Amino acid sequence: MPTSRETILAALHARLSALPATALRGDVLPERVPTAGLLILRDGEPGEPEVTLSPLRYHYQHRTEIEAVVQGATRDAAFDTLCASIGAAVAADRTLGGLCDWVEAEAPRPVDLAVEGAASLKAAVIPVVLHYSTADPLG
């Protein structure tokens with residue numbers, strides 16, 4: 001049976017998979033970036049939880065990251081569209097079907113990356129904070 005953390009991360013990945021860009025989880029950057037862009041969800045760190053004792057609950061602000069990458073002549077516009085689609089996907093259901101208390105994406109930090117012999121990449125890390133509670137830090 002998957003843990004609460006895994007269930008939440010899988011739900012976020014499923015939401016990203018519904019976008020036109022290719023969505024991966026924990027993979028390395030492939031040699032080719034799909035035309036619609038590429039998203040790589042990194043599991044991130046749950047951090048130190050706040051704890052309540054009656055009943056015992058661990059309240060996490062789990063920081064994950066989405067690496068967003070586009071390539072091509074119109075990469076600025078494609079990057080903007082991709083970031084907007086991620087924002088819309090998160091805003092459409094900020095509880096991931098009731099699995100989280102709240103999901104919040106932060107602003108991207110874009111960079112342009114030169115690629116020898118190919119069009120340059122525009123990429124960014126988009127932090128996403130997952131607020132959730134569980135009765136067991138390992139469950």
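**Close-up views of the predicted model**

**View 1. A hairpin joins strand 3 to strand 4 through two residues.** The structure is a predicted model, in which local features need pLDDT of at least 70 and side-chain atom pairs count only at pLDDT 80 or more, while totals for chains, interfaces and linings use all residues. Residues are numbered from 1 along each chain as its sequence is written, and side-chain values use heavy atoms, with hydrogens and water left out. Helices (H or I, at least four residues) and strands (E, at least two) are DSSP runs, numbered from the N terminus. Strand 3 covers residues 50-53 and pairs with strand 4 in the antiparallel sense over four bridges; pairing requires that DSSP finds at least two bridges between two strands. Leu-53 has Leu-56 of strand 4 opposite.

**View 2. Val-51, Leu-53 and Leu-56 form a nonpolar patch on the surface.** Together these residues have about 290 Å² of accessible area, computed by the Shrake-Rupley method with a 1.4 Å probe, where for residues only the protein chains shown count as cover. Patches are made of residues with over 30% relative accessible area and no salt bridge, like charges being joined within 9 Å and nonpolar side chains (Val, Leu, Ile, Met, Phe, Trp, Tyr) within 5 Å. Leu-56 belongs to strand 4. Its relative accessible area is 39%, so Leu-56 is partly exposed; buried means under 20%, exposed over 50%, and partly exposed in between (1.4 Å probe, protein chains only).

**View 3. Strand 4 pairs with strand 2 and with strand 7.** Strand 2 and strand 4 run antiparallel and are joined by six bridges. Ile-40 is placed opposite Glu-67 of strand 4. Between strand 4 and strand 7, also antiparallel, there are 14 bridges. Here Tyr-60 faces Tyr-132 of strand 7.

**View 4. A salt bridge connects Arg-42 and Glu-67.** A salt bridge is a side-chain nitrogen of Lys or Arg within 4 Å of a carboxyl oxygen of Asp or Glu. In this pair the N to O distance is 3.0 Å. The two residues are 25 apart in the chain and link distant parts of it, Arg-42 lying in strand 2 (residues 38-45) and Glu-67 in strand 4 (residues 56-71). Arg-42 counts as partly exposed because its relative accessibility is 24%. Glu-67 is partly exposed as well, at 22%. Ser-17, in helix 1, is 50 residues from Glu-67 in sequence and 14 Å from it in space, C-alpha to C-alpha. With 38% relative accessibility, Ser-17 is partly exposed.

View 5. Arg-75 meets Asp-112 at 3.8 Å, N to O. Asp-76 is bridged to Lys-122, the closest N and O atoms being 2.9 Å apart. At 15% relative accessible area Lys-122 is buried, whereas Asp-76, at 47%, is partly exposed. The whole structure holds eight salt bridges.

**View 6. The largest nonpolar core has 29 residues.** A nonpolar core is a set of buried Ala, Val, Leu, Ile, Met, Phe, Trp, Tyr and Cys residues joined through side-chain atoms within 4.5 Å. The residues with the most contacts inside this core are Leu-16, Leu-39, Ile-66, Ile-86, Leu-96 and Leu-130. At least two residues come from each of helix 1 (4-17), strand 2, strand 4, helix 2 and strand 7. Helix 2 contributes the most, with six residues. Leaving aside residues up to four places away in sequence, Leu-130 touches, among others, Ile-8, Leu-9, Leu-12, Tyr-60, Leu-96, Cys-100, Trp-102 and Val-103; contact means heavy atoms within 4.5 Å. A second, separate core has six residues, including Leu-38, Ile-40, Val-69 and Leu-121.

**View 7. Strand 6 and strand 7 form a hairpin with two residues between the strands.** These strands pair in the antiparallel sense over six bridges. Val-115 has Ala-118 of strand 7 as its bridge partner. In this hairpin Gly-117 takes a positive phi near 80°.
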